[in-house]
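Hi everyone, thanks for making time.

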Amino acid sequence: LADEILSLNKQRKKLGEEYWDKLHHSAKESMESYSSSLLCTGGKGVPRGITGILAARFSNYYNVPSIIYSIMDDKAVGSVRSVRNYSIMPLLDYCRDFFIDYGGHDFAGGFSLKADDIDSFRKHLLKFTEEEGIEIPDKPAIEIDAELPEGYLTEAILDVAEKLVPY
């Protein structure tokens with residue numbers, strides 16, 4: 001079973017590479033139409049199982065929120081990935097009238113809509129970028145997992161941290 005899982009994962013990675021190459025040109029064009037602040041591309045034949053991987057990769061590569069969708073029969077299913085310090089949920093909420101369903105959290109989400117609505121959806125995204133704007137902070141935020149009271153800051157805390165290696 002482990003060999004089968006590894007084989008399937010290799011196939012998925014290969015598909016990811018193949019569709020990265022296939023979608024790269026349309027992704028770049030899309031970004032230009034959204035004033036370099038958003039990317040939205042996809043279409044028929046894009047495997048549903050790699051939309052999230054592709055959205056994350058495009059998001060990291062271009063440093064903009066990225067939407068990759070797959071059209072299957074009469075339905076489009078998409079994945080959204082954002083960039084650090086920009087919540088994608090306001091954009092998804094703005095488009096909620098198009099969606100059959102949608103959800104996610106600040107930095108990742110998914111949705112489905114009628115395939116016939118994809119062009120109107122993309123125009124609505126443009127309206128969002130023009131009206132609301134997508135502001136990507138220049139500096140990454142400092143992420144704090146927890147605050148420690150001053151009394152905890154002793155040399156003994158270093159021993160605790162050493163036990164947690166690698167981190």
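Let me start with a question: is G42 buried, partly exposed or exposed? Bear in mind that what you're looking at is a predicted model. Okay, here's the answer: G42 has a relative accessibility of 23%, so it counts as partly exposed. The cut-off that matters here is that buried means under 20%.

So where does G42 sit? You'll find G42 in strand 1. Leaving aside residues up to four places away in sequence, G42 touches L23 and Y69. If you look for D138, which is 96 residues away along the chain, its C-alpha is 28 Å from the C-alpha of G42.

Now let's move to G43, which is also a strand 1 residue, and that strand covers residues 39-44. G43 has a relative accessible area of 10%, so this one is buried. Again skipping anything up to four places away in sequence, G43 touches Y69, S70 and I71. And then there's V77: G43 and V77 are 34 residues apart in sequence, while their C-alpha atoms are 9.7 Å apart in space.

Helix 1 runs over residues 2-33 and helix 2 over residues 51-62, and the two pack at an angle of about 50°, with 10 Å between their axes. That angle makes helix 1 oblique to helix 2. The crossing of helix 1 past helix 2 is right-handed.

Who's actually meeting whom there? On the helix 1 side, the residues include R12, W20, L23 and M31, and on the helix 2 side they include I53, L54, F58 and Y62. Sorted by type, the residues of this contact come out as 10 nonpolar, two polar and four charged.

Let's zoom out. The protein chain has five helices and five strands, and along the sequence they go α-β-α-β-β-α-β-β-α-α. The radius of gyration is 20 Å, well over the 15 Å that the globule rule gives for 167 residues, so the chain is more spread out than a compact globule. Its C-alpha atoms fill a box of roughly 60 × 50 × 30 Å along the principal axes.

Two last numbers before we chat. Buried residues make up 35% of the 167 in the chain. And if you take contacts between residues at least 6 apart in sequence, 60% of them join residues at least 24 apart.

Notes
Residues numbered from 1 in each chain as written. Predicted model: local features only at pLDDT ≥ 70, side-chain atom pairs only at ≥ 80, totals over all residues. Heavy atoms only, no water. Helix = DSSP H or I, 4+ residues; strand = E, 2+ residues; numbered from the N terminus. Buried < 20%, exposed > 50% of the residue type's maximum accessible area, 1.4 Å probe, protein only. Contact = heavy atoms within 4.5 Å. Axes fitted to C-alpha atoms, helices over the stretch in contact; angles between N-to-C directions. Parallel < 35°, antiparallel > 145°, perpendicular 65-115°, else oblique. Left-handed = near helix turned anticlockwise from the far one by under 90°. Nonpolar A, V, L, I, M, F, W, Y, C, P; charged D, E, K, R; others polar. Rg over C-alpha atoms; globule rule 2.2 N^0.38 Å.
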